[in-house]
Amino acid sequence: MTTTVVTPLSAISLAEGAPVIEAASADGVFSLLWLIIALPALGAAILLLGGRRTDAWGHLLGVATVAGSFALSLLAFLALLGRDAEDRSVGQTLYSWIEAGPFTVDLALLYDPLSALFLLLITGVGGIIHVYSIGYMEHDARRRRFFGYLNLFVAAMLVLVLADNYLVLFLGWEGVGLASYLLIGFWQHKPSAAAAAKKAFVVNRVGDIGMALGVMLAFATFGTVGFAEISAVAGEASDGVLTALGLLFLLAAAGKSAQVPLQSWLLDAMEGPTPVSALIHAATMVTAGVYLVVRSNFIYEAAPVAQTAVVIVGAVTLLWGAIIGTAKDDIKKALAGSTMSQIGYMMLAAGLGVAGYAFAIFHLLTHGFFKANMFLGAGSVMHAMDDDVDMRHYGALQKMLPVTFLTFAMGYLAIIGFPGFSGFWSKDKIIEAAFGENLVVGLAALLGAGITAFYMTRLMLMTFFGEKRWSEDVHPHESPKVMTVPLIVLAALSVLGGAMLLGNWVVEWLEPTVGHAEHHELAVSPLVMTLIVTVVVAVGVALAWVLVGKREVPRVAPANVSVFTRAARADLYGDALNEGLFMRPGDRFVGDLTRFDDHGVDGAVNGTAAAFGGMSGVFRRWQNGFVRSYALSLLAGAVLLLAVLLAVNLA
Amino acid sequence: MSETPFLVLSAILFTIGAVGVLTRRNALVLFMCVEMMLNATNLALVTFSRVHGNLDGQVTAFFVMVVAAAEVVVGLAIIVTIFRTRRSASVDDASLLKY
């Protein structure tokens, strides 16, 4: 069943596997590339520096800047469509950023088919989330600041995907980390939100170590950090260096994309306002890791060990997230588990090499649509339920919130892979590619699809169907138009997103960036494969119907549950593991250091001081104020001197 | 004429003065004892001057006398001032300047 996805290191396969990036200089509409980043950055600057003066119209400016970026992205995309496949790489050098001897880094942009898709996703879905936020944050006194942060987030992500070298990418990478910190902790008056923001920041720092070391290693090896330059010479580096680079970038990607073992921040990040969750999970942030792996394809193609590691991380995460999703009662956390799982699919596909890159990006796009749709839908539900997130307090909401229900249902059908919906096409392709790589990996992906169907059906049933379980004082109501229209748009995209695969368009579109994949034959035909996946999904749905839909859902989560449920509720003990392995020993180590500092270092210094103090206390008693005793000591001294003189002279 | 009796007298006077300084409390007596020690020293200086046959010792004795006179002026003034304020000439009473 295995195919030659991971090709051995040879010049020919490299040329096929990882295309060398050759960017033409930017002209026409492409000369405005910088403006795509500058608009949201300017918006953020105005909103954050302008203060209260911008309160009245701040949200409108926030939407307008992103909308402007989207319009420019669309123009650039159309212009790129009009070019030949070989010319679809445009570079724009803005200015020389760092110049230190042989080390020069330009602040330069690279616009190619991969960046183009990301730009559309970020500005498009991001823009829709901005519109939705107008309604969602309407009663928040700090809405203007919220939009400032959102703009900053989008701007940082755009820097990340438009960078033409690793250092500029790192700039955006850190910007995304900062913006996510600010947004997750937006309701900083809640200690849990402040803690979640800190956790996200710290865990991301761990990944950033990988990123920083990776960039340094790349520079030490190739003498440059540019994608184009490295892609031309990547094959010449030694296997060990390439593997190390791949693993370092994988660590970085795991941090940003919440992959095992750096997954723990994602669930806590639900403390942020819901639009933030949607933005983090759909358009920005978590997609950065997948982007990094796909962008670094010229490294991974030459480092099979690192590729295998990516596949393993992806496969483990997709099951890990899915299992967490099955046990959560918090609607946002269930969706967060699902994101983790879906990003796992993308990582898995990205690790498969040329056969998977395009499908990873394809799934990333469709996931961006349906996950943004569902998060905003969940926000709409919370809006109706007085910000209650416990699904056990929902039930029978489909009549009260018809628009939210219908749009959410589109997202639901897309994510479980109901035939015809966008997720069906993208996930199916990944599972197919996974089976092409390895039976175990394929089975993991297949199992993940089944679990996904289970937990999403459970979520649907608990939220929209069954008996109503709300408390008396809650009066669910449909959200205003400014929130439902974005939902409808996203629902449409969730349904139709699969159209990108028409005529294999997305694969051919990405070919100049990620290379051409040989078609590989499976043991069974694709149709049978699809049928198997659909059956597994159907089993998952049926299981959820039997276990959740047909039974009464208790208002309080039952405490007497199996050990598996308990493990899933505790995020598979990911936090406990971090705590036991890193936090507590670190705590102890720091505690010991503090004690050493307090007693050892301070003891030596303070002890010396105390000794001198004590001695002075003794010696000063000699100054007793009696003149005659001074006279006596004077005499004694004189006699002593005399005795010494005599002794010396007589000796 | 032997110089020994002079030196012995000088030593006796110095010792009386020293013991007086250490044992008496009255500031005036103390003062007189200090003068006695100075003069004992003067006697020794003059004696040695004669023994060695030069004038160095005698010149020094004059210096000592001048310094002693100046010292007496300042010292008596201090003692009188202290007596006026504290109604006591005991040196043990004037023990404020201490640890």
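**A walk through chain A**

Modeller: Let's start at one residue: leaving aside residues up to four places away in sequence, Gln263(A) touches Ala258(A), Trp320(A), Met340(A) and Gly574(A). Keep in mind that this is a predicted model.

Colleague: Where does Gln263(A) lie in chain A?

Modeller: Gln263(A) is in the loop between helix H9 (239-256) and helix H10 (265-268) of chain A.

Colleague: And is Gln263(A) buried or exposed?

Modeller: Gln263(A) counts as buried, with 5% relative accessibility. The cut-off for buried is under 20% relative accessible area.

Colleague: How far is Gln263(A) from Ala108(A), in sequence and in space?

Modeller: Gln263(A) and Ala108(A) are 155 residues apart in sequence, and their C-alpha atoms are 32 Å apart in space.

Colleague: Let me zoom out. How many helices and strands does chain A have?

Modeller: There are 25 helices and 3 strands in chain A. Its C-alpha atoms fill a box of roughly 120 × 70 × 55 Å along the principal axes.

Colleague: What share of the residues in chain A is buried?

Modeller: Of the 651 residues in chain A, 54% are buried. As for contacts in chain A with a separation of 6 or more, 82% of them are between residues 24 or more positions apart.

Colleague: Can we look at a buried residue in a helix? What about Ser73(A), which helix is that in?

Modeller: Ser73(A) lies in helix H3, residues 58-81 of chain A. Ser73(A) is buried, with a relative accessible area of 1%.

Colleague: Which residues does Ser73(A) touch, not counting residues up to four places away in sequence?

Modeller: With those left out, Ser73(A) touches Ile36(A), Tyr111(A), Leu119(A), Leu120(A) and Thr123(A).

Colleague: New topic: salt bridges. How many are there over all chains?

Modeller: The count comes to 14 salt bridges over all chains. One of the pairs is Lys328(A) with Asp571(A), where the closest N and O atoms are 2.7 Å apart.

Colleague: Which parts does that pair tie together?

Modeller: Lys328(A) is in the loop between helix H14 (304-327) and helix H15 (331-351), and Asp571(A) is in the loop between helix H23 (563-569) and helix H24 (574-619), so the pair ties together parts of chain A that are 243 residues apart in sequence. Lys328(A) is buried, and so is Asp571(A).

Colleague: Nice. What does Arg458(A) form a salt bridge with?

Modeller: Arg458(A) pairs with Asp329(A) in a salt bridge, and the closest N and O atoms are 2.9 Å apart. Arg458(A) lies in helix H19 and Asp329(A) in the loop between H14 and H15, so this pair ties together parts of chain A that are 129 residues apart in sequence. Both Arg458(A) and Asp329(A) are buried.

Colleague: How about Asp592(A) and Arg595(A), how close do their N and O atoms come?

Modeller: Asp592(A) forms a salt bridge with Arg595(A), with the closest N and O atoms 2.6 Å apart. The two are 3 residues apart in helix H24 of chain A, so about one helical turn separates them. Asp592(A) is partly exposed, at 44% relative accessible area, and Arg595(A) counts as partly exposed at 45%. Elsewhere on the salt-bridge list, shared partners join Glu174(A), Arg205(A) and Asp208(A) into one network.

Colleague: Which residues make the nonpolar surface patch?

Modeller: Leu32(A), Trp34(A), Leu94(A), Tyr95(A), Trp97(A) and Leu171(A) make a nonpolar surface patch of about 530 Å². Strand E2 (residues 90-100) gives the most to this patch, with 3 residues. Leu94(A) lies in strand E2 and is partly exposed, with a relative accessible area of 33%.

Colleague: And which residues form the negative patch?

Modeller: Asp386(A), Asp387(A), Glu472(A) and Asp473(A) form a negative surface patch. Glu472(A) sits in the loop between helix H19 (439-464) and helix H20 (481-496) of chain A, and Glu472(A) is exposed at 75% relative accessible area.

Colleague: One last thing: how far apart are the mean positions of the positive and negative charges of chain A?

Modeller: Chain A has 37 positive and 47 negative charges, and their mean positions are 14 Å apart.

Definitions and conventions:
Residues are numbered from 1 along each chain as its sequence is written. Chains are lettered from A and ligands numbered from 1 in the order in which they are written. This is a predicted model: local features need pLDDT of at least 70, side-chain atom pairs count only at pLDDT 80 or more; totals for chains, interfaces and linings use all residues. Side-chain values use heavy atoms; hydrogens and water are left out. Patches are made of residues with over 30% relative accessible area and no salt bridge: like charges are joined within 9 Å, nonpolar side chains (Val, Leu, Ile, Met, Phe, Trp, Tyr) within 5 Å. Accessible areas come from the Shrake-Rupley method with a 1.4 Å probe; for residues, only the protein chains shown count as cover. A salt bridge is a side-chain nitrogen of Lys or Arg within 4 Å of a carboxyl oxygen of Asp or Glu. Lys and Arg count as positive and Asp and Glu as negative; His and the chain ends are not counted. The place of a charge is taken as NZ of Lys, CZ of Arg, CG of Asp or CD of Glu. Helices (H or I, at least four residues) and strands (E, at least two) are DSSP runs, numbered from the N terminus. Buried means under 20% relative accessible area, exposed over 50%, partly exposed in between (1.4 Å probe, protein chains only). Contact means heavy atoms within 4.5 Å.
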